[in-house]
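Dear colleague,

I am passing on to you the structure that follows, together with some notes on what turned up when I went through it. Please read the notes with the coordinates open beside them.

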Amino acid sequence: PAQDEGLPRRCEEGRGKKKEASAMRVLSVTPEFFPLVKTGGLADVAGALPLALAPLGVNARTLLPAYPAVRAALPDATPVAGLDELYGGPVRLLQAATDEGAELLLLDAPHLYDRPGNIYLAPTGSDWPDNHRRFAALCRVAQLIGSGLLPDWQPDLVHGHDWQAGLAAAYLALAGGPRPATVLTVHNLAFQGWVPAASFVELGLPATAFAIEGVEYYGGAGMLKAGLYFADRLSTVSPTYAREIQTPEHGMGLDGLMRARAGDLVGITNGIDTEVWDPARDPHLAAPYSAADPAPKAASKAALQARLGLEQRPQTCMFCIVSRFTQQKGIDLVLEALPTLLGYDTQLAVLGSGEPVLEQGWAAAAAAHPGRIGYVSGYDEPLSHLMQGGADAILVPSRFEPCGLTQLIGLRYGTLPVVARVGGLADTVIDANEAALADEVATGIQFAPVTALALIEAVHRTMALFANPDAWAATVRRAMTRDVGWTRAAQHYLALYRDALRRVPG
Ligand code: ADP
Ligand code: GLC
């Protein structure tokens with residue numbers, strides 16, 4: 001179909017501009033939303049996509065829980081609907097808009113969301129035991145909005161993100177009658193929202209849904225599986241990951257279903273918000289720089305070295321890591337490779353938190369090698385900007401990576417990505433092999449398999465490139481001028497939405 005089929009007659013440019021009455025209405029359902037609440041890249045995507053879709057004529061509203069941080073950021077949110085009882089207490093739906101122009105619907109349910117700290121984890125570090133109810137409630141409200149809860153705004157399509165939104169498609173499909181179309185985007189197949197059979201009844205689905213052709217999954221119920229089974233269309237966040245999840249190696253037990261639905265599944269590579277991530281206008285950097293004038297990047301390198309207590313060595317190749325510390329991210333491989341990497345003229349700047357053994361490993365490495373390794377534990381948005389602004393290269397040695405955003409930020413900041421050849425990392429970085437260098441298309445370094453040895457070889461190749469200032473500068477310039485924004489992805493989502501709308505019964 002023609003790309004502009006069904007486009008409204010007039011598209012207004014700009015972030016969050018008001019849309020026409022005839023615009024396609026999309027309810028985005030997400031547990032995270034940047035800049036209000038974030039544990040990972042899902043928040044960035046859920047925050048940026050509606051703004052990128054607005055100029056294409058999509059009138060999006062985003063439904064998310066009114067966690068304490070969200071309430072605090074949006075004190076003027078106004079009630080637009082309420083229910084007397086949902087999973088143990090009354091709930092209200094609040095309406096608000098962000099400074100950037102995103103329109104939000106906040107599910108205010110203190111008995112479910114009014115909890116301190118990480119949105120998923122109890123203070124013990126374990127998942128909240130009622131997470132299935134917390135996100136079933138979100139999905140139930142998505143269904144109600146889809147069925148006309150708000151008199152002045154009913155979506156044509158409900159777009160869910162990850163397992164937390166998976167049940168929305170199931171509730172809508174099983175309710176019968178006319179309904180909005182549904183799309184589910186998988187950001188990470190590793191998180192599946194699985195509950196034992198005994199908890200199935202709490203999800204409020206008909207008993208018949210507890211079947212292989214439904215939500216049943218390994219003897220329990222899968223909230224992600226529900227969405228994968230019932231949504232009209234599926235997407236994930238890169239073409240390579242879309243293929244990988246159809247294989248037993250990366251399918252996390254769901255590869256059979258992914259293969260069965262391959263015709264309904266697309267991979268759409270994420271962008272980054274190029275206004276939030278812009279080295280020419282980033283207040284967290286020591287000096288602005290750009291592809292046309294990359295030299296001031298050196299000032300942020302010096303600032304980062306000072307901040308982390310590293311030696312002031314402008315000529316040393318500095319690698320950074322900005323990551324959640326989980327098995328997925330392969331951070332342990334860098335620790336394993338460390339003795340060799342320290343044999344090269346390198347510095348390492350590391351920001352991240354997660355698995356205690358990895359935090360301890362980096363704390364010990366930094367203590368043993370002050371001046372060479374700097375480690376900051378925790379989640380620190382401003383420091384993540386300075387890391388990307390100051391380092392020469394960013395390591396992303398993930399065992400699997402649906403898309404990955406830090407390598408895209410690295411490209412934009414001229415911080416060359418050194419990445420495992422998996423998922424979205426494979427799709428977004430062009431390896432600086434001989435042919436790519438000769439053809440002047442390289443933007444970083446890829447390695448495979450995902451082992452410490454291959455990582456060492458990749459760092460070695462990076463050092464060789466770094467030792468050739470002209471080739472390095474040309475690669476940096478190319479990386480910085482790659483299109484990593486949302487425009488292209490937004491067009492693909494629009495096409496996906498149209499495709500889903502053609503499929504919906506009634
Ligand atoms: P994932 O969502 O799997 O964690 P992504 O690369 O898609 O991986 O997104 C991670 C996002 O979180 C990026 O915006 C990255 O900059 C940010 N991030 C990760 N760890 C930290 C941290 N410790 N401090 C600040 N930002 C972080
Ligand atoms: C997930 C994935 C990551 C992806 C992000 C946003 O957290 O782990 O690869 O970039 O979602 O889609």
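I begin with ligand 1, where an oxygen atom lies 3.1 Å from an N or O atom in the side chain of D44. Please keep in mind throughout that this is a predicted model. Two or more residues of the shell around ligand 1 come from each of the elements α1, β13 (317-325), β14 (346-354) and α12 (381-390), and β13 gives the largest share, with three residues. In total 20 residues surround ligand 1, and the closest of them are G41, R324, K329, G378 and L405. Sorted by class, this shell of ligand 1 holds seven charged, nine polar and four nonpolar residues.

Turning to ligand 2, there are 14 residues around it, of which H187, N270, E401, C403 and G404 come nearest. A polar backbone atom of G404 is 2.8 Å from an oxygen atom of ligand 2, while P402 places a backbone N or O atom 3.4 Å from an oxygen atom of the ligand. From the side chain of N188, an N or O atom is likewise 3.4 Å from an oxygen atom of ligand 2. Taken alone, ligand 2 exposes 310 Å², of which the protein buries 94%. Helix α1 (residues 41-53) is the element that gives the most to the shell around ligand 2, with three residues, and helix α1 is also among the elements that give two or more residues to the shell around ligand 1. By class, the shell around ligand 2 consists of two charged, six polar and six nonpolar residues.

At least two lining residues come from each of α9 (297-307) and α17 (469-480), with α17 giving the most, five residues. The lining of this pocket divides into four charged, three polar and nine nonpolar residues.

As for the chain as a whole, 18 helices and 18 strands are found in it. Its radius of gyration is 23 Å, close to the 23 Å that the globule rule gives for 506 residues, so the chain is as compact as a globular protein of that length. Taken along the principal axes, the box that the C-alpha atoms fill is roughly 65 × 50 × 45 Å.

Finally, there are some points of backbone geometry to check. The peptide bond that joins F34 and P35 is cis, with omega about 10 degrees, and P35 sits in the loop between β1 (24-29) and α1. Another cis peptide bond runs from A448 to P449, where omega is near -5 degrees; P449 belongs to the loop between β18 (445-447) and α16 (452-466). Y87, although it is not a glycine, has a positive phi of about 50 degrees, and its place is in the loop between β3 (78-83) and β4 (91-97).

With best wishes

Definitions and conventions:
Residues are numbered from 1 along each chain as its sequence is written. Chains are lettered from A and ligands numbered from 1 in the order in which they are written. This is a predicted model: local features need pLDDT of at least 70, side-chain atom pairs count only at pLDDT 80 or more; totals for chains, interfaces and linings use all residues. Side-chain values use heavy atoms; hydrogens and water are left out. A residue is near a molecule or strand if one of its heavy atoms lies within 4 Å of it. A polar contact is a pair of N or O atoms within 3.5 Å; within protein, one must be able to donate a hydrogen and the other to accept it, and residues adjacent in sequence count only if both atoms are side-chain atoms. Accessible areas come from the Shrake-Rupley method with a 1.4 Å probe; for residues, only the protein chains shown count as cover. Helices (H or I, at least four residues) and strands (E, at least two) are DSSP runs, numbered from the N terminus. Ala, Val, Leu, Ile, Met, Phe, Trp, Tyr, Cys and Pro count as nonpolar, Asp, Glu, Lys and Arg as charged, and the others, Gly among them, as polar. The radius of gyration is taken over C-alpha atoms; the globule rule is 2.2 Å times the number of residues to the power 0.38.
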